[in-house]
Amino acid sequence: RARKETMGPAPSGMKALKHEAATCTRCPIGPCATQVVWGEGPETADLMIVGEQPGDQEDLAGRPFVGPAGTLLDKVMQEAGVQRDEAYLTNAVKHFKFSPRGKRRVHERPNAGEVQACKWWLDQEIARVRPRAAIALGATAALALTGSGERITRRRGTIEAGTGGLPVFLTIHPAFILRIPDKERAAEERRRFVEDLSIVRETL
Ligand code: URA
């Protein structure tokens, strides 16, 4: 079967791209997911925010960041003065990767090959939105945007050059905060996350 790479140039409009991504076979994740979860937000946005991949709820809703991590992201953005509806929100990987465990679908991290395969779509989004800056939420987004898989803890709060020189601000993924069992530590990480997003708002 013909692979997408051999199927000619990218469709031009964002809607057509999303439609095309729905049947993507560049990696094995797509056919297992409910639907493609494409980016959302104004195509004229100055800021692009990139997560890892849709979660369980995003997969069902077909929209990015509508689950618990998205709710936290919304609150933190609000506190930092970054408007969600002014940013373009998307993910490094556009389909939900999971392993079934009983009735639950347990999130599985996409591997480097899958991130690489899906970067083609992310690059298409970047080319259309042409943001002034991007925020990488966590290691997967950082890998997709900068090509470097180095630990996020060492790079957090810094700006690296992405595709075509796009400034990429690196920070943690909100799901990381949700996984911290200690309340005080979680609160401290949340505070730092607000601080990170405030820096982006001030420098953009
Ligand atoms: N986590 C992500 O990285 N992206 C989403 O859309 C939801 C949760």
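R130 is partly exposed, because 14 other C-beta atoms lie within 10 Å of its own. On this scale, which uses C-beta atoms placed from the backbone, a residue is buried with 20 or more other C-beta atoms within 10 Å, exposed with 12 or fewer, and partly exposed in between. The structure is a predicted model, in which local features need pLDDT of at least 70 and side-chain atom pairs count only at pLDDT 80 or more, whereas totals for chains, interfaces and linings use all residues. Residues are numbered from 1 along each chain as its sequence is written.

R130 is located in the loop between α4 and β5; helices (H or I, at least four residues) and strands (E, at least two) are DSSP runs numbered from the N terminus. Although R130 is not a glycine, its phi is positive, at about 45°. F65, also not a glycine, has a positive phi of about 50°. F65 belongs to the loop between α2 (56-61) and α3, and F65 counts as buried because 27 other C-beta atoms are within 10 Å.

## Annotated domain

The unreviewed UniProt entry lists residues 38-198 as "domain: Uracil-DNA glycosylase-like". UniProt positions follow the numbering used here, feature names are shortened, and annotations may be inferred rather than shown by experiment. Across residues 38-198, the chain is 44% helix and 19% strand. The end C-alpha atoms of this stretch are 26 Å apart.

## The open sheet

An open sheet is formed by five strands in the order β2-β1-β5-β7-β6, with mixed pairing; two strands pair if DSSP finds at least two bridges between them. β2 (88-91) and β6 (159-161) are the edge strands, each with a single partner strand, so one side of each has no neighbour in the sheet. From one strand to the next, the twist averages 30°; axes for such angles are lines fitted to C-alpha atoms, and the angles run from 0 to 180 degrees between N-to-C directions.

Strand β1 (residues 47-51) runs parallel to β2, and four bridges join the two. Among the bridge partners in β2, L89 pairs with I49 and N91 pairs with G51. β1 also runs parallel to β5, again joined by four bridges; there V50 stands opposite A136. Five of the five residues of β1 are buried. The cover extends to both faces of β1, with L47, I49 and G51 buried on one side and M48 and V50 buried on the other.

## The β3-β4 hairpin

Strand β3 (residues 98-101) and strand β4 (residues 104-107) run antiparallel and are joined by four bridges. Within this pair, P100 has R105 of β4 as its bridge partner. The two strands form a hairpin with two residues between them. G102, in the turn, has a positive phi of about 65°.

## Nonpolar core

The largest nonpolar core contains 48 residues; such a core is a set of buried Ala, Val, Leu, Ile, Met, Phe, Trp, Tyr and Cys residues joined through C-beta atoms within 7 Å. M48, V50, I135 and A136 have the most contacts inside this core. At least two of its residues come from each of β1, α3 (68-80), β2, α4 (112-129), β5 (133-137), α5 (138-146), β7 (167-171) and α8 (183-203). The largest share is supplied by α4, with seven residues.

T140 lies in helix α5. T140 is buried because 26 other C-beta atoms are within 10 Å. From C-alpha to C-alpha, T140 and E20 are 23 Å apart in space, with a sequence separation of 120 residues.

G162 is part of the loop between β6 and β7. G162 counts as buried because 22 C-beta neighbours lie inside 10 Å. G162 and S148 are separated by 14 residues in sequence and by 9.8 Å in space, C-alpha to C-alpha.
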